[in-house]
Amino acid sequence: MDIATFFQQMANAMSLGSLYALIAIGYTMVYGILRLINFAHGDVFMLGAYFAFYAVTALAMPWGIAFIVAIGLTGLFGMGLERAAYRPLRDSPKISIMISAIGASFLIENVGVVLFGGRPKSFPSIPLFDTVIHFGSVSVLSVSLFIPVVTLIILAALLWIVNGTRTGLAMRAVSTDLDAARLMAIDVNKTISLTFGISSVLAGIGGIMRTMKYPQLNPLMGFMPGLKCFIAAVIGGIGNIQGAVLGGFLLGFIEIMIVAFLPELTGYRDAFAFVLLIAVLLAKPSGLLGKNQTVKV
Amino acid sequence: MLRIDDLSVHYGGIHALQGVSFEVPEGKIVTLIGANGAGKSTTLKSIIGLVKPSGGTIQLGGQSMRGLDTKDIVRRGVVLAPEGRRIFPNLTTEENLALGAFARNDKAGIEQDKLKVFKLFPRLEERRKQKAGTMSGGEQQMLAVARALMSRPKLLMMDEPSLGLAPLIVKMIFEIIKTINAEGTTILLVEQNAKAALEIADFGYVLETGRITLSGPGKELLADDRVRSAYLGEGQ
């Protein structure tokens, strides 16, 4: 492999890792606050892509506005999902709410097949993202550069919300101790709803960016990324935002690099995530950045 | 100020509170004492809205509070420092205090109250930036009380503030309860440490398996033979 190919692959890995990180953050935030694996998260990601697709094609919006509308709709959808599928089960055993999540996932996928059609659709080309940029002998699709930059901006904004605002303080309190948070006069329902909103907005952005990179949509496109990003979140230490980012990038890099360096293993690319998961869990069950909570009684 | 009438709570098939009635007059310290499982914590949780009563009334200043959301009850000036402290271990002292003042918007007042609780608990000021989970049990209890005070409550309810603390710290906590009360906050104290509680209380109630069996001024209960034998470990 020459150096040009290496940089080429690095750019790919950066953008894939960023996408994984964005979706993994959604898993980790929801888990942090409700101890729930939101199995429908990958499908919310799919919806983000479809919302953008219909906004651009059927409604003929300019892409910038279409993306904002689609991201907003995805966020609202996430909040609606929480309201309909999870809130009524808040006080039920964890297994019930998990089953509800799996059910929501199947429902969204299948309604997606009915409404959007099972046949893949292709996203119309947007020149800004489709341009090939040359750095010497390395040529990169412009969207591959946009994705990491957008991800970094979003990550900075998110960390500011969580660590620097009143809302973020409420989120951290709710995720530590629901009843104690109630005693602080925090509106727990609103905080949880907002968490779903934010995590779905991230999934929506991820869905759109992924469609810019691989401009094909189908109603099951959220399944595999959803699964892998869940793994990324667990590898990083579920409940920890920085961990989700680390896990996402790690997964993206390893996946791209293995395919690049060991092309004969390409058929197994989806399996690496699981191998990595098992390896990390064997060595550190709480994930790379996960820590056992310090509670003194 | 607070008036509870015929309060009933069911947990599944268990009748945890069976018609409890009592009163907390403004400016006083009132204590509920009783053994494990008597329903003391359940009473406090019902008042603050964490447990939904199946019958009875809860009135604050003549207005019914039953069925209100916890956050609205706190906004009306009632606060609970819960059993087991329930501070946020992964947040710093200052963040815990900020959460205590979550219902308020007056930045200057919050800042002022923070200085006030630091004066009350100088140890907490030294621990401002420390994660609460890494502090000692006594410090955590101080933080739990300080956090409750940050909402500037009219009625402060405390559930077992002496639980698991060294005798010296317990003494200090009870001194502070007296100070807080002297500064105008009404106190409803739930304790297993009946002696310490009755010594500072203006009025006490004895709760037994969901019913109030005895009541009277703190000093009187302290001298009552039934209380002495059952709760103070003094044989006849």
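**Exercise 1.** How many salt bridges does the rule find across the interface of chain B and chain A?

*Solution.* The model is a predicted one. Step 1: the rule requires a side-chain nitrogen of Lys or Arg within 4 Å of a carboxyl oxygen of Asp or Glu. Step 2: B:Lys71 and A:Asp187 form a salt bridge through their side chains, at 3.9 Å from N to O. Step 3: across the interface of chain B and chain A, the rule finds 3 salt bridges.

**Exercise 2.** Describe the contact between chain B and chain A by its area and its residues.

*Solution.* Step 1: the size of an interface is often given as the accessible area lost when the parts come together. Step 2: chain B and chain A bury about 2,200 Å² between them, and 64% of this area lies on carbon and sulfur atoms. Step 3: chain B contributes 27 residues to the contact and chain A contributes 21. Step 4: between chain B and chain A, 4 residue pairs are in polar contact, both residues being at pLDDT 80 or more. Step 5: on the side of chain B that touches chain A, helix 2 (70-75), helix 3 and helix 6 of chain B each supply at least two residues. Step 6: the residues of this side of chain B comprise 13 nonpolar, 7 polar and 7 charged.

**Exercise 3.** At roughly what angle do the axes of helix 3 and helix 6 of chain B cross?

*Solution.* Step 1: the axes of helix 3 (residues 93-100) and helix 6 (residues 137-149) of chain B come within 7 Å and cross at roughly 35°. Step 2: this crossing of helix 3 and helix 6 of chain B is right-handed.

Definitions and conventions. Residues numbered from 1 in each chain as written. Chains lettered and ligands numbered in written order. Predicted model: local features only at pLDDT ≥ 70, side-chain atom pairs only at ≥ 80, totals over all residues. Heavy atoms only, no water. Axes fitted to C-alpha atoms, helices over the stretch in contact; angles between N-to-C directions. Helix = DSSP H or I, 4+ residues; strand = E, 2+ residues; numbered from the N terminus. Left-handed = near helix turned anticlockwise from the far one by under 90°. Contact = heavy atoms within 4.5 Å. Buried area = accessible area lost by both parts, 1.4 Å probe. Polar contact = N/O pair within 3.5 Å; in protein donor to acceptor, adjacent residues only side chain to side chain. Nonpolar A, V, L, I, M, F, W, Y, C, P; charged D, E, K, R; others polar.
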